[in-house]
Amino acid sequence: MPPNSSSAAVNATDLKDNEITPIEMTSKNKLRWYEPETKILWVNVIFIVTLHVISLYYFITFPYTEHKILLVWSEYFNLIIILLKYFFFLILSKINKYFFFSGTNYPSVQYTALITTYIHGFGIVAGAHRLWAHRSYKAKLPFRIILALCFFSTGQNSIFNWVRDHRVHHKYTDTEADPHDSTRGFWFSHVGWLMIKKKDEVRQRGRGIDMTDILEDPVVQFFDRYFSIINPMLSFVVPVFIPVYFFNQSLKWTIVTQIFMRYPWLLNITWSVNSFAHMFGYHSYDKSIRPTQNIFVSFVTGGEGWHNYHHVFPWDYKANEFKSFWFNPTSLYLDMFHKLGLIYDLRRATPDHIHKLAERKGDGTHHSQHKFSQKAVDCS
Ligand SMILES: CCCCCCCCCCCCCCCCCC(=O)SCCNC(=O)CCNC(=O)[C@H](O)C(C)(C)COP(=O)(O)OP(=O)(O)OC[C@H]1O[C@@H](n2cnc3c(N)ncnc32)[C@H](O)[C@@H]1OP(=O)(O)O
């Protein structure tokens with residue numbers, strides 16, 4: 001049985017008042033990335049800059065071919081990314097060897113990054129984003145616990161804060177009330193917003209967001225209550241402990257791969273949804289909004305770059321019109337968990353609704369407006 005046949009297909013008009021509504025613009029003043037009244041949070045600036053400087057150093061100089069176990073453990077998101085990155089790392093390691101490490105004998109710790117970025121990314125995409133922020137499907141208790149464990153190993157905010165910021169972002173996209181308003185530029189929407197105090201408009205509008213579902217979820221409540229213990233434990237302590245203790249890997253290189261490579265990498269690909277996917281790409285479903293269809297972001301995030309579609313149908317569990325393994329693997333995993341009975345009530349926009357909307361509001365790049373590609377598209 002196809003996973004969606006028992007799913008609730010919904011249209012935007014089916015949304016209830018207390019659910020996330022499609023974009024509803026608040027007053028729009030044009031803001032620059034830095035406003036005179038902006039209060040810079042220097043602790044965040046120092047933390048983020050230091051993390052990225054050290055990370056850049058290790059991304060360039062890391063002996064990639066000698067630490068494959070650690071790389072698989074912490075870096076790679078899916079098979080194609082493994083292959084591409086391995087190819088990229090191979091070239092980089094040759095450059096490293098020539099310029100930086102000739103003659104150096106590194107401890108032979110082998111392979112590790114796949115598992116952690118993979119697990120972590122799933123916690124963000126399937127957990128915080130598609131389940132908690134958008135309620136695009138329902139999940140049974142064990143699955144919610146797994147998602148929370150995955151999400152709390154990403155070193156991001158508490159689920160409550162993450163979801164509230166994301167719901168404000170959807171409701172007031174690219175306005176003054178959007179925490180990472182992309183009209184303030186690439187830099188601001190990517191990371192700048194995490195270095196300043198939020199505008200009053202964000203806080204004020206955020207207070208109006210209905211968060212009762214989050215407050216009523218015992219899994220979220222438990223994990224958020226112990227955020228300051230669980231977050232560092234799952235994000236840093238456990239991922240370093242496992243390869244060192246069980247697989248006899250070097251402590252130094254495990255810390256490097258987990259804290260200075262995997263962590264900033266995952267942060268940047270998460271942030272890329274707010275920056276790249278609000279600036280570069282097509283507006284196939286609604287040309288009046290900034291979010292775009294960005295294949296690069298989809299590729300690195302496991303399916304979160306179909307952002308024009310996502311902003312038009314935020315409650316669609318695939319966050320995309322199509323079925324596609326490489327550019328939306330998260331949806332395939334959700335289909336699998338649906339078959340296993342761990343998740344249910346998956347919500348999906350109807351093809352008819354999508355096509356009509358694309359025709360009326362899109363920029364003309366939707367496949368239904370290109371006869372040659374219509375047959376190749378699987379909208380299930
Ligand atoms: C392979 C996988 C790929 C995955 C891709 C997945 C893509 C999914 C889709 C895209 C989504 C992308 C989202 C990215 C989010 C990442 C965020 C991180 O975790 S980054 C990593 C880690 N995180 C970090 O590095 C940064 C951690 N965060 C911070 O340092 C700060 O929050 C800040 C600097 C961001 C703002 O500081 P400041 O402005 O001082 O604000 P404070 O917070 O201090 O709260 C003060 C007061 O304001 C109140 N309030 C706040 N917001 C709202 C709201 N929206 N409304 C209403 N109220 C709000 C708040 O309740 C509090 O009230 P009270 O208690 O006083 O009554």
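The crossing of H11 and H12 is right-handed, a label for a near helix turned clockwise from the far one by less than a right angle, left-handed being the anticlockwise case. This is a predicted model, in which local features need pLDDT of at least 70 and side-chain atom pairs count only at pLDDT 80 or more, while totals for chains, interfaces and linings use all residues. Residues are numbered from 1 along each chain as its sequence is written, and side-chain values use heavy atoms, with hydrogens and water left out.

Two packed helices are described by the angle between their axes and the distance between the axes. Axes are lines fitted to C-alpha atoms, for helices over the stretch in contact, and angles run from 0 to 180 degrees between N-to-C directions. Helices here are DSSP runs (H or I, at least four residues), numbered from the N terminus.

| Helix pair | Angle | Axis distance |
|---|---|---|
| H11 (residues 227-247) and H12 (residues 251-274) | about 140° | 9 Å |
| H1 (residues 42-61) and H12 | about 115° | 9 Å |

Take H11 first. Its residues Ser-235, Phe-236, Pro-239, Val-240, Pro-243 and Val-244 meet residues of H12, among them Leu-251, Ile-255 and Tyr-263. Contact means heavy atoms within 4.5 Å. The residues of this contact of H11 with H12 divide into nine nonpolar, three polar and one charged. Here Ala, Val, Leu, Ile, Met, Phe, Trp, Tyr, Cys and Pro count as nonpolar, Asp, Glu, Lys and Arg as charged, and the others, Gly among them, as polar.

Now H1. The crossing of H1 and H12 is left-handed. Residues of H1 including Phe-47, Leu-51 and Tyr-58 meet residues of H12 including Trp-253, Phe-260 and Trp-271. The contact of H1 with H12 has 15 nonpolar residues, three polar and one charged.

Phe-260 lies in helix H12. Leaving out residues up to four places away in sequence, Phe-260 touches Leu-51, Ile-54, Ser-55, Tyr-58, Phe-59 and Ile-255. Lys-356 is 96 residues from Phe-260 along the chain, and their C-alpha atoms are separated by 46 Å.

The ligand comes next. It is surrounded by 33 residues, and the closest are Asn-44, Arg-164, Asp-165, Lys-197 and Lys-198. The cut-off is a heavy atom within 4 Å. A polar side-chain atom of Arg-164 lies 2.8 Å from a ligand oxygen atom. For Asp-165, a polar side-chain atom lies 2.8 Å from a ligand nitrogen atom. An N or O atom in the side chain of Arg-203 is 3.1 Å from a ligand oxygen atom. The protein covers 78% of the 1,400 Å² of accessible area that the ligand has on its own, by the Shrake-Rupley method with a 1.4 Å probe.

Technical notes: Helices (H or I, at least four residues) and strands (E, at least two) are DSSP runs, numbered from the N terminus. A polar contact is a pair of N or O atoms within 3.5 Å; within protein, one must be able to donate a hydrogen and the other to accept it, and residues adjacent in sequence count only if both atoms are side-chain atoms.
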